[in-house]
Amino acid sequence: MKRLLKNNEFTVAIIIAITWLIFGIVNPDIISLANVYSITRASIISATFALACMLVIISGGIDMSFFAVGCVAMYVTVKYLVDRAMLDTPLFLIFAAAIIIGIILELINWFFIDKLNLPPFIVTIGSQSLYKGFLLAFVGTTYITTMPKGMRKLAVTYVSSTTSSSGIVYNLHFLVIVVAAMYIIMHIVLNFTRFGRNIYAIGADVAAAQRAGINISRTRFLVFLIAGAIAGVGGVFQGTLNRAAVPADLVGQELLVIAAVVLGGGGGKQARGSVLGTALGVILLSLISNNLILMKVPSYWQQAVTGIIILIGLIIQSTEAISKL
Amino acid sequence: MADIVNVKNMYKSFFGVLALDGMNFSIGEGEIRCLIGENGCGKSTLIKIISGFYTFDKGSLYINGKEYKKITPIESMNEGIQVIYQDFSLFPNMTIAENVMMYSSIRSKSQFVNWKNMKNRAQETLDRIKFDIDIDKYVYELNVAEKQMVAICRAIAQDAKLIIMDEPTTALTAKEVENLFKVVSELKSRGVSVLFVSHKLDEVLKISDSFTVMRNGKNVYECKDKKLSKEDLIFYMTGKKISEERFNFIKTDEKPLMQVKNYTLQDKFYDINFSLYKGEILGITGLLGCGRNELAKSLFGIMPATSGNIVINSENIGIIRNVQHALKYNIGYVPEDRITEGLHMEQTIADNSISVIIGSLVGKNGLLDDKKVRKKKQETLSLIPIAGMRPLNPAKSLSGGNQQKLVLAKWLAANPQILVLNSPTVGVDVGAKNEIHNIIKGLAKEGIGIIVISDDIPEIMTLCNRVFIMKDGYIVDERNIAETTMEELEAQIALEDSKAEETA
């Protein structure tokens, strides 16, 4: 039991169960397949970006710029296509363009952090502001609502649907499956490849990793490269689900995603972030914010409740904090 | 017996300063060697050259009979040389199994991780030195001794022929040291050589087959004689005869300076009762985790006690609630960890010297009085001579021993009547240790009451006039140093240790 309590994934799962149960007592509709579908859909964006953020956190860094990177990647791609009336461009090319832009932007972060040895927190706050400002100044400030056809089609691709007790149809979005697949691939990479284990090693102790013969700079390069690719994908997801390209969308809300990663066990002293933990962290936060809306709780209370649950989660995970209570 | 490493007439300099000055050194198969010398004598330079992290300027390096003009860390590892650093270089977020196999699996160039195979091989390695522990435990859950075993296992897993251990016994209890020595003997019987780099002479004298003493980048003495005395070793290390006289306490005041009554901190220590007299040096010793550390911190208000009271100069002051409260009664505290608790490493030596009394140097306008500050800095730094120091250099430029002197000086500036010293000479070499002991004795003669917390029994023997032994949070024994011997004291602590084992 003690061992299980130390396990972050387990504690977050318990908190999810308890929260769900409490919400269910207040509003029985919440315990339904329809609500599961709606929560998973609401989680798509944060789940995607959380994956990028988690990777950087496990490697011992922090990224405050992933939303800015994703938004720039998506908006630049969409604007280019829309301005040239290339709305028929196949979906995979849209993703490819966004991924390339995402990679370039995250590798700029890598250059400052790894090559110039500057603190990741400050670097990525700076680049967040830079990317956002650059986008607004040079690319455009307008909302684009005539999206490429591929994205419009993707927005309404569902794999399953259910009707709630009140008669509304809820769909399981196709992207939920895509995100789940990304999580599974990431899990395999992190746990069963040398590269994945090296990320954990440099996250725990750079000097020790160097002594072990790990190429720190190359590992970090790949970490930022993958994070950039994921952020690019996340940007396109956001544009798709939003059915509009909004410049500097999401930017400023990075901390909730980071909170999800930390709740799942990443970012502590031990650098033990895990894919399952991050997934659970994202689900927990979506569960709270989504259902408080259903329960007609005012939005400022939502923020307070989210904060309380994050703190409770961290306290439970920290045996040190428990012994002081 | 073939030599694993043979270094001949080696020179190495950094920015014109000679670190190795014609060093000769060799170690054979299955040999347990101890490399000793004071800080800055070139020990770590030698090790870094052998392990491939530094190149050398002149001389020759043979490893397993093969001459290397220069050697990379990977080549050195491939030759079977493994260094276990003081911090062990383990990954706390990984299991024991993964840590043990980490280096081998990186060197195997395999891009995938086979957990089952890895665990099996890790378990085999642990079995080889009879290290009994669950290999799925995370390293952050382990204590220092266990971490060290994991590091040793990692070296064995790579077929190490020579394991170099940097200060291996510093953080271990007596029992753990014994266990380490058992493992080292086991390694020796398998033909693995071990090179200890250590300060703790009493311990290495017990285990090593031979010694190499370094001074100023040279091999000044080498012997295979186990009967070498500690005094001889110190002579070769420092180049001077150091003899320490025991502290002689003369009670000048019948009234105790401080009385500690039923002092208790839940889960840490219980019912601590003692009196401290003016000019006395009181030792508190015991194994790691016996509560000595917590007691020291509670006497300075860092970890306030939960019940009991303290009487200072007949005034009952209750519990020391916080550091400000302790300062009010002129209690000074020298922490165990100078780097994080004792000094502001990036600040200058001069600034550090007045950091305790800075509040009293404020002028009429509420700002610091520059004249007073400068005068006080000079006064403070003249209290304890620190050789070769420049007041405007940062504190981190000082050696461990000199840093400790600076910590002492900064407390002296505040005119303390009681000084709590927590492991005052940890990580300090013999010469500086001796100087610090003499300073502490001098302070006691001036009438300061001093409490020394230490697990260094020889230190307790030369420094204190009385000693308490703590166990599980209680004071279990009190001895007058004049009426006991080192062997008796060690036996007493070991006895408490074995009792603890029985009840556990």
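Author: The area buried between domain 1 of chain B and domain 2 of chain B is about 990 Å², with 60% of it from carbon and sulfur atoms. Buried area here is the accessible area (1.4 Å probe) that two parts lose on being put together, summed over both. This is a predicted model, where local features need pLDDT of at least 70 and side-chain atom pairs count only at pLDDT 80 or more, while totals for chains, interfaces and linings use all residues. Residues are numbered from 1 along each chain as its sequence is written, chains are lettered from A and ligands numbered from 1 in the order written, and side-chain values use heavy atoms, leaving out hydrogens and water.

Reader: How many salt bridges does the rule find across that interface?
Author: A salt bridge needs a side-chain nitrogen of Lys or Arg within 4 Å of a carboxyl oxygen of Asp or Glu. Between domain 1 and domain 2 of chain B, the rule finds 0.

Reader: Which elements give two or more residues to the domain 1 side?
Author: Helices are DSSP runs (H or I, at least four residues), numbered from the N terminus. Here they are helix H6 (174-189) and helix H8 (230-238) of chain B. H8(B) gives the most, with 4 residues.

Reader: And where do the domains run in chain B?
Author: Bounds come from an automatic or database domain assignment. Domain 1 covers 3-238, and domain 2 covers 258-342 + 415-503. Their C-alpha centres lie 34 Å apart.
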